[in-house]
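Dear colleague,

Please find below the structure that I am handing over to you. My notes on what was found in it follow directly after.

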Amino acid sequence: MSTIGLLLAAGAGRRMGRPKALVESWLADAVTGLHGGGCDRVVVVLGARADEARPLLEGYDAEVVVADDWDEGMGASLRKGLMTLREGDGTAALVSLVDLPDVGPEVVRRLLDRPVGSQTLARAAYDGTPGHPVLIGRDHWAGVVASATGDRGARTYLGRHEVELVECGDLATGMDVDARPTGGQPQPE
(Lines give C-alpha, C1' and ligand atoms only; values in the text may rest on other atoms or scores of the structure.)
Protein backbone atom coordinates (compact mmCIF):
# COMPACT_ATOMS: atom_id res chain seq x y z
CA MET A 1 0.00 0.00 0.00
CA SER A 2 1.23 3.47 -0.84
CA THR A 3 0.02 7.04 -0.71
CA ILE A 4 0.88 9.30 -3.62
CA GLY A 5 1.05 13.05 -3.20
CA LEU A 6 -0.84 14.73 -6.05
CA LEU A 7 0.07 18.41 -6.33
CA LEU A 8 -2.23 20.51 -8.50
CA ALA A 9 -0.29 23.43 -9.98
CA ALA A 10 -1.76 23.90 -13.46
CA GLY A 11 -3.68 27.18 -13.25
CA ALA A 12 -2.79 30.49 -14.85
CA GLY A 13 -3.08 32.43 -11.59
CA ARG A 14 -4.82 35.32 -13.33
CA ARG A 15 -5.48 37.24 -10.09
CA MET A 16 -1.90 36.51 -9.01
CA GLY A 17 -0.58 37.86 -12.31
CA ARG A 18 1.25 34.63 -13.19
CA PRO A 19 0.89 30.89 -12.66
CA LYS A 20 1.17 30.05 -8.96
CA ALA A 21 3.63 27.29 -9.89
CA LEU A 22 6.06 30.12 -10.72
CA VAL A 23 5.64 32.03 -7.43
CA GLU A 24 8.72 31.99 -5.21
CA SER A 25 9.51 28.49 -3.95
CA TRP A 26 5.93 27.27 -3.66
CA LEU A 27 6.34 24.36 -6.08
CA ALA A 28 9.51 22.98 -4.48
CA ASP A 29 8.22 23.60 -0.95
CA ALA A 30 4.97 21.75 -1.69
CA VAL A 31 6.80 18.74 -3.15
CA THR A 32 9.17 18.68 -0.16
CA GLY A 33 6.20 18.92 2.23
CA LEU A 34 4.39 16.01 0.60
CA HIS A 35 7.46 13.79 0.78
CA GLY A 36 8.35 14.98 4.29
CA GLY A 37 4.83 14.23 5.50
CA GLY A 38 4.97 10.63 4.35
CA CYS A 39 3.89 10.42 0.71
CA ASP A 40 5.70 7.58 -1.04
CA ARG A 41 5.71 9.35 -4.40
CA VAL A 42 4.74 12.81 -5.68
CA VAL A 43 3.08 13.65 -9.00
CA VAL A 44 2.81 17.32 -9.99
CA VAL A 45 0.20 18.44 -12.51
CA LEU A 46 1.31 21.49 -14.47
CA GLY A 47 -0.55 23.40 -17.18
CA ALA A 48 -0.14 27.12 -17.81
CA ARG A 49 3.48 27.90 -18.73
CA ALA A 50 4.46 24.33 -17.83
CA ASP A 51 7.72 24.74 -19.77
CA GLU A 52 8.78 27.46 -17.30
CA ALA A 53 7.62 25.60 -14.19
CA ARG A 54 9.13 22.20 -15.01
CA PRO A 55 12.77 23.33 -14.46
CA LEU A 56 11.84 24.51 -10.95
CA LEU A 57 11.42 20.84 -10.02
CA GLU A 58 14.85 19.71 -11.16
CA GLY A 59 16.56 17.94 -8.29
CA TYR A 60 13.25 17.19 -6.54
CA ASP A 61 11.77 13.71 -6.50
CA ALA A 62 8.59 14.42 -8.46
CA GLU A 63 6.96 13.13 -11.61
CA VAL A 64 5.51 15.87 -13.80
CA VAL A 65 2.42 15.52 -15.97
CA VAL A 66 0.78 18.28 -17.99
CA ALA A 67 -2.96 18.90 -18.17
CA ASP A 68 -3.40 20.23 -21.70
CA ASP A 69 -6.94 21.35 -20.83
CA TRP A 70 -5.78 23.20 -17.69
CA ASP A 71 -7.72 26.36 -18.62
CA GLU A 72 -10.97 24.45 -18.00
CA GLY A 73 -10.29 24.76 -14.24
CA MET A 74 -9.05 22.71 -11.30
CA GLY A 75 -11.26 19.80 -12.35
CA ALA A 76 -9.11 19.28 -15.45
CA SER A 77 -5.85 19.04 -13.49
CA LEU A 78 -7.44 16.75 -10.88
CA ARG A 79 -8.75 14.45 -13.63
CA LYS A 80 -5.33 14.36 -15.33
CA GLY A 81 -3.57 13.60 -12.06
CA LEU A 82 -5.92 10.83 -10.96
CA MET A 83 -5.97 9.24 -14.43
CA THR A 84 -2.17 9.19 -14.33
CA LEU A 85 -2.21 7.54 -10.90
CA ARG A 86 -4.65 4.85 -12.03
CA GLU A 87 -1.85 3.40 -14.16
CA GLY A 88 0.17 2.62 -11.01
CA ASP A 89 -0.38 0.69 -7.82
CA GLY A 90 -1.07 3.47 -5.31
CA THR A 91 -3.66 2.90 -2.59
CA ALA A 92 -4.58 6.56 -2.02
CA ALA A 93 -3.86 10.03 -3.36
CA LEU A 94 -3.21 12.98 -1.08
CA VAL A 95 -4.38 15.91 -3.21
CA SER A 96 -2.87 19.30 -2.40
CA LEU A 97 -2.69 22.70 -4.05
CA VAL A 98 0.42 24.71 -4.85
CA ASP A 99 -1.03 27.93 -3.38
CA LEU A 100 -1.11 26.73 0.25
CA PRO A 101 2.30 27.98 1.40
CA ASP A 102 1.70 27.37 5.11
CA VAL A 103 0.52 23.77 4.66
CA GLY A 104 3.62 21.68 5.26
CA PRO A 105 4.69 18.19 6.22
CA GLU A 106 3.00 18.36 9.63
CA VAL A 107 -0.45 18.62 8.03
CA VAL A 108 0.36 15.82 5.57
CA ARG A 109 1.65 13.62 8.40
CA ARG A 110 -1.50 14.19 10.47
CA LEU A 111 -3.70 13.13 7.54
CA LEU A 112 -1.60 10.02 6.97
CA ASP A 113 -1.40 9.16 10.67
CA ARG A 114 -4.39 6.81 10.42
CA PRO A 115 -5.19 3.64 8.57
CA VAL A 116 -5.18 4.55 4.88
CA GLY A 117 -6.84 2.21 2.43
CA SER A 118 -8.51 2.20 -0.95
CA GLN A 119 -11.84 3.34 0.58
CA THR A 120 -10.41 6.26 2.58
CA LEU A 121 -11.93 9.73 2.25
CA ALA A 122 -10.46 12.35 4.59
CA ARG A 123 -9.51 15.98 4.42
CA ALA A 124 -7.78 18.60 6.46
CA ALA A 125 -9.97 21.03 8.35
CA TYR A 126 -8.92 24.39 9.74
CA ASP A 127 -10.94 25.47 12.78
CA GLY A 128 -13.70 23.14 11.57
CA THR A 129 -13.73 24.38 7.97
CA PRO A 130 -12.90 21.70 5.35
CA GLY A 131 -9.84 22.45 3.24
CA HIS A 132 -6.82 20.83 1.59
CA PRO A 133 -5.08 18.44 1.39
CA VAL A 134 -7.72 15.82 0.63
CA LEU A 135 -6.96 12.12 1.01
CA ILE A 136 -8.78 10.05 -1.61
CA GLY A 137 -8.61 6.25 -1.60
CA ARG A 138 -8.25 4.46 -4.93
CA ASP A 139 -11.84 3.14 -4.88
CA HIS A 140 -13.03 6.76 -5.20
CA TRP A 141 -10.74 7.88 -8.04
CA ALA A 142 -13.11 6.96 -10.90
CA GLY A 143 -16.02 8.76 -9.21
CA VAL A 144 -13.93 11.87 -8.59
CA VAL A 145 -12.70 11.87 -12.20
CA ALA A 146 -16.29 11.57 -13.47
CA SER A 147 -17.52 14.48 -11.33
CA ALA A 148 -14.53 16.87 -11.51
CA THR A 149 -15.51 19.84 -13.67
CA GLY A 150 -14.58 23.49 -13.78
CA ASP A 151 -13.06 24.87 -10.60
CA ARG A 152 -15.03 22.53 -8.33
CA GLY A 153 -12.45 19.74 -8.33
CA ALA A 154 -13.67 16.94 -6.05
CA ARG A 155 -16.19 19.12 -4.17
CA THR A 156 -19.29 17.54 -5.76
CA TYR A 157 -18.08 14.00 -5.14
CA LEU A 158 -17.02 14.73 -1.56
CA GLY A 159 -20.38 16.35 -0.88
CA ARG A 160 -22.15 13.07 -1.69
CA HIS A 161 -19.92 10.89 0.52
CA GLU A 162 -18.93 10.67 4.15
CA VAL A 163 -15.56 12.38 4.58
CA GLU A 164 -13.51 12.28 7.78
CA LEU A 165 -12.42 15.78 8.80
CA VAL A 166 -8.94 15.90 10.34
CA GLU A 167 -8.45 19.08 12.36
CA CYS A 168 -5.20 20.85 11.41
CA GLY A 169 -5.94 24.41 12.52
CA ASP A 170 -3.23 24.14 15.16
CA LEU A 171 -0.67 23.46 12.40
CA ALA A 172 -1.60 25.89 9.59
CA THR A 173 -4.28 28.27 8.36
CA GLY A 174 -4.92 26.28 5.17
CA MET A 175 -5.64 29.55 3.35
CA ASP A 176 -4.84 29.68 -0.31
CA VAL A 177 -3.00 32.73 -1.57
CA ASP A 178 -4.83 34.18 -4.51
CA ALA A 179 -3.63 37.65 -5.44
CA ARG A 180 -0.79 40.10 -5.19
CA PRO A 181 -1.57 43.47 -3.63
CA THR A 182 0.09 46.60 -4.93
CA GLY A 183 3.04 45.99 -2.59
CA GLY A 184 3.90 42.76 -4.38
CA GLN A 185 3.39 40.26 -1.53
CA PRO A 186 0.87 37.45 -2.02
CA GLN A 187 -2.34 37.78 -0.02
CA PRO A 188 -4.75 35.16 1.29
CA GLU A 189 -7.91 34.71 -0.72
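The lining of the largest pocket draws at least two residues from each of β1 (3-9), α3 (74-85), β4 (92-97), β5 (121-126), β6 (129-137) and α6 (155-159). Helices (H or I, at least four residues) and strands (E, at least two) are DSSP runs, numbered from the N terminus. β6 provides the largest share of this lining, with six residues. By class, the residues of the lining comprise 19 nonpolar, 10 polar and 13 charged; here Ala, Val, Leu, Ile, Met, Phe, Trp, Tyr, Cys and Pro count as nonpolar, Asp, Glu, Lys and Arg as charged, and the others, Gly among them, as polar.

Please note that this is a predicted model, in which local features need pLDDT of at least 70 and side-chain atom pairs count only at pLDDT 80 or more, while totals for chains, interfaces and linings use all residues. Residues are numbered from 1 along each chain as its sequence is written, and side-chain values use heavy atoms, with hydrogens and water left out.

The space in the largest pocket amounts to about 1,100 Å³. Of the 42 residues that line the largest pocket, Met 74, Leu 97, Asp 99, Asp 151 and Asp 176 are the closest to its centre. A pocket is an open set of points on a 1 Å grid over the protein atoms alone, where a 1.4 Å probe fits, with protein on both sides within 12 Å along at least five of seven lines; lining residues have an atom within 4 Å of a point. Grid points are joined across faces, edges and corners, and a volume is the space filled by probe spheres set on the points.

The second largest pocket holds about 180 Å³ of space. Its lining has 15 residues, of which Asp 29, Ala 30, Leu 100, Val 103 and Gly 104 are the closest to the centre. Two or more lining residues come from each of α1 (26-36), β4 and α4 (105-112), and α1 gives the most, with five. The classes in this lining are 11 nonpolar, three polar and one charged.

Turning to the sheet, seven strands form an open arrangement with mixed pairing, in the order β3-β2-β1-β4-β6-β5-β7; two strands pair if DSSP finds at least two bridges between them. β3 (63-66) and β7 (164-167) are at the edges with a single partner strand each, so one side of each has no neighbour in the sheet. From one strand to the next, the twist averages 30°. Strands β2 (residues 41-46) and β3 run parallel and are joined by four bridges, with Val 44 opposite Val 64 in β3.

Two helices deserve mention here. α1 packs on the sheet and touches β1, β2 and β4, its direction making about 150° with that of β2. α3 lies across β1, β2, β3 and β4 and runs at about 150° to β1. Contact means heavy atoms within 4.5 Å; axes are lines fitted to C-alpha atoms, for helices over the stretch in contact, and angles run from 0 to 180 degrees between N-to-C directions.

Met 16, in the loop between β1 and α1, is buried at 4%. Its C-alpha lies 5.9 Å from that of Asp 178, although Met 16 and Asp 178 are 162 residues apart in sequence.

With kind regards

Terms used: Buried < 20%, exposed > 50% of the residue type's maximum accessible area, 1.4 Å probe, protein only.
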